Amino acid sequence: MREYATQMEAARKGIITAELKIVAKKELMTAEELMPLVAAGKVVICANKKHKCIDPQGVGSMLKTKINVNLGVSRDCKDYDIEMKKVLEAVNMGAHAIMDLSSHGNTIPFRRELTSKCPAMIGTVPVYDSVIHYQRELNTLTAKDFIDVVRLHAEDGVDFVTLHCGITRKTIEQIKTHKRKMNIVSRGGSLVFAWMSMTGEENPFYEYYDEILDICREYDVTISLGDACRPGCLADASDVCQIEELVRLGELTKRAWEKDVQVMVEGPGHMPIDQIAANMKIQQTICDGAPFYVLGPLVTDIAPGYDHITSAIGGAIAASAGAAFLCYVTPAEHLALPNLEDVKQGIMASKIAAHAADIAKGVRGAREIDDRMAEARRVFDWEAQWECAIDPETAKKIRADRKPGHEDSCSMCGKFCAIRSMNKALAGEFIDIL
Ligand code: SF4
């Protein structure tokens, strides 16, 4: 019998859990250094006690930035075997979390397969699943129906749930008054908004928040407070709707902590580069340092097909300014359900953003691999370069496609290779160019 309900409660009681020990080791910290951060809510360890195969990860701005991969079937792409293949490949490529956003068919077996086979943190958005689970139109669902789906996901071993608790009936008026260009682009947020509009009732995830906290406490499910009003275009960034919701998310964070429930707070969205760092600061102040989980931010609206790049630019800036968790974005964003190649592109872009941010914010050990890469480049040790590379497969393929005449260069400059010339010059050797 555990003497604690959640990782936060354990840390507050001074208990070093097995999960905390593993996370501390991964982050090159001692358990004693990590524990106060978990106790204060600055780091979460998303580990549902029923997710037995989990390889625990910590999420917090002072730890290595983590990345999430969204997967799951839709009505148009409904093959669960293909989706499971993507999940396992995503984990092999370095995803720390998988969010199952399935919106078609019986979602239970896939979710249970995830929490029995996948070592990454598993996240869901229960409001998506509610319509699917009951096979009833949204307006016929009751507040209790929604809460029961949260419980079902917790029982299935899900480690974190996105809940759009921060919008209320007041938000309905605000969205009408402030005339955003893109209104609400959060899928879960739009469902909650639609339900409130059709039923005239208050947001059930807000109204019954205490019941939700009890469920999350029982299974140690981390709440990821969804940002229903995250900007869906540059024009809506940092507007009244976004900031007003953030203030409420700050209040809800503190209520969760009173029950030792772990919390992350979700963030933008689409946002011009010059607003990103300020948004991270505001979030950290309003939410008392709870880990920030950003969905991008996409720094321009005009690059469909390349939104893994627009979001990696924003993600790198956000994480270097304090965001702890990046939700990947693929080239298929705004266009289609991502295929395996899109998933790979999205993961690589996020990994680059996360790593670049970790170097900038001085996360322990983050720079070492770059220094090893520089050494390997200087001495033309190609094997060592592959070992350091974020995507060795692609790097090897490009070099093999366009082999140079000499191993001590690449086909970009050939004998004009600066590295080769400098190595030879400093060794006092003759430098042949022709
Ligand atoms: S040939 Fe040019 S690009 Fe290639 S390793 Fe040498 S300096 Fe770098």
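Biologist: Let's start with phenylalanine 380: does it count as buried, partly exposed or exposed, and how many C-beta neighbours does it have inside 10 Å?

Modeller: In this predicted model, phenylalanine 380 counts as partly exposed, because it has 17 C-beta neighbours inside 10 Å, and the cut-off for buried is 20 or more.

Biologist: And where is phenylalanine 380 found?

Modeller: Phenylalanine 380 is found in the loop between helix 16 (368-378) and helix 17 (382-388), and its phi is near 55°, a positive value in a residue other than glycine.

Biologist: Which other residue has a positive phi although it is not a glycine?

Modeller: Lysine 179 has one, at about 45°, and this residue lies in the loop between helix 8 (169-178) and helix 9 (187-199). Lysine 179 is exposed, with 9 other C-beta atoms within 10 Å. As background, most residues other than glycine have a negative phi, and most peptide bonds are trans.

Biologist: On peptide bonds, then, which residue does a cis bond join to proline 268?

Modeller: The partner is glycine 269, with omega at about 20°, and glycine 269 lies in the loop between strand 8 and helix 13. Another cis peptide bond joins glycine 296 and proline 297, where omega is about -15°; proline 297 sits in the loop between strand 9 (292-294) and helix 14 (307-320).

Biologist: What about the annotated histidines, which ones does the UniProt "binding site" annotation cover?

Modeller: According to the unreviewed UniProt entry, the "binding site" annotation covers His270 and His334. They span 65 residues in sequence, yet no two of their C-alpha atoms are more than 12.3 Å apart, so they gather at one spot.

Biologist: Is histidine 270 buried or exposed?

Modeller: Histidine 270 counts as buried, because it has 25 C-beta neighbours inside 10 Å. This histidine is found in the loop between strand 8 (263-267) and helix 13 (273-286). Leaving aside residues up to four places away in sequence, histidine 270 touches Pro231, Gly232, Cys233, Leu234, Ala237, Gly296, Pro297, Leu298 and Asp301, so that list includes both residues of the cis bond between glycine 296 and proline 297.

Biologist: And histidine 334, where is it placed, and what does it touch?

Modeller: Histidine 334 has its place in the loop between strand 10 (325-327) and helix 15 (340-360), and it touches Pro304 and Asp307, again not counting residues up to four places away in sequence. With 14 other C-beta atoms within 10 Å, histidine 334 is partly exposed.

Biologist: Moving to the sheet, which strands pair with strand 3?

Modeller: Strand 3 pairs with strand 10 in the parallel sense over 3 bridges, and with strand 4 (residues 97-100), also in the parallel sense, over 4 bridges. Isoleucine 67 has leucine 326 in strand 10 as its bridge partner, while asparagine 70 stands opposite methionine 99 in strand 4. Strand 3, helix 4 (residues 80-92) and strand 4 together make a right-handed β-α-β unit.

Biologist: How many residues of strand 3 are buried?

Modeller: For strand 3 (residues 66-71) the count is 6 of the 6, so the strand is largely enclosed by the rest of the structure. Both of its faces are covered, with Lys66, Asn68 and Asn70 buried on one side and Ile67, Val69 and Leu71 buried on the other.

Biologist: New topic, which residues are around the ligand?

Modeller: The residues around the ligand are Ser409, Cys410, Met412, Cys413, Cys417, Ala418 and Ile419; by class, this shell has 6 nonpolar, 1 polar and no charged residues. The unreviewed UniProt entry has a "binding site" annotation that covers Cys410, Cys413 and Cys417.

Biologist: Where are cysteine 413 and cysteine 417 placed, and is cysteine 417 buried or exposed?

Modeller: Cysteine 413 has its place in the loop between helix 18 (392-401) and helix 19 (418-426), and cysteine 417 is likewise in the loop between helix 18 and helix 19. Cysteine 417 is buried, with 20 other C-beta atoms within 10 Å, whereas cysteine 413 is partly exposed, with 13.

Biologist: Last one, what does valine 127 touch?

Modeller: Valine 127, which lies in helix 6 (residues 126-134), touches Phe146, His164, Gly188, Leu191 and Val192, not counting residues up to four places away in sequence. Valine 127 counts as buried, with 26 C-beta neighbours inside 10 Å.

Note on methods:
Residues numbered from 1 in each chain as written. Predicted model: local features only at pLDDT ≥ 70, side-chain atom pairs only at ≥ 80, totals over all residues. UniProt positions renumbered as here; feature names shortened; annotations may be inferred. Helix = DSSP H or I, 4+ residues; strand = E, 2+ residues; numbered from the N terminus. Buried ≥ 20, exposed ≤ 12 C-beta atoms within 10 Å, placed from the backbone. Contact = placed C-beta atoms within 7 Å. Pairing = 2+ DSSP bridges. Right-handed = clockwise from strand over helix to strand, strands pointing away. Near = placed C-beta within 6 Å. Nonpolar A, V, L, I, M, F, W, Y, C, P; charged D, E, K, R; others polar.
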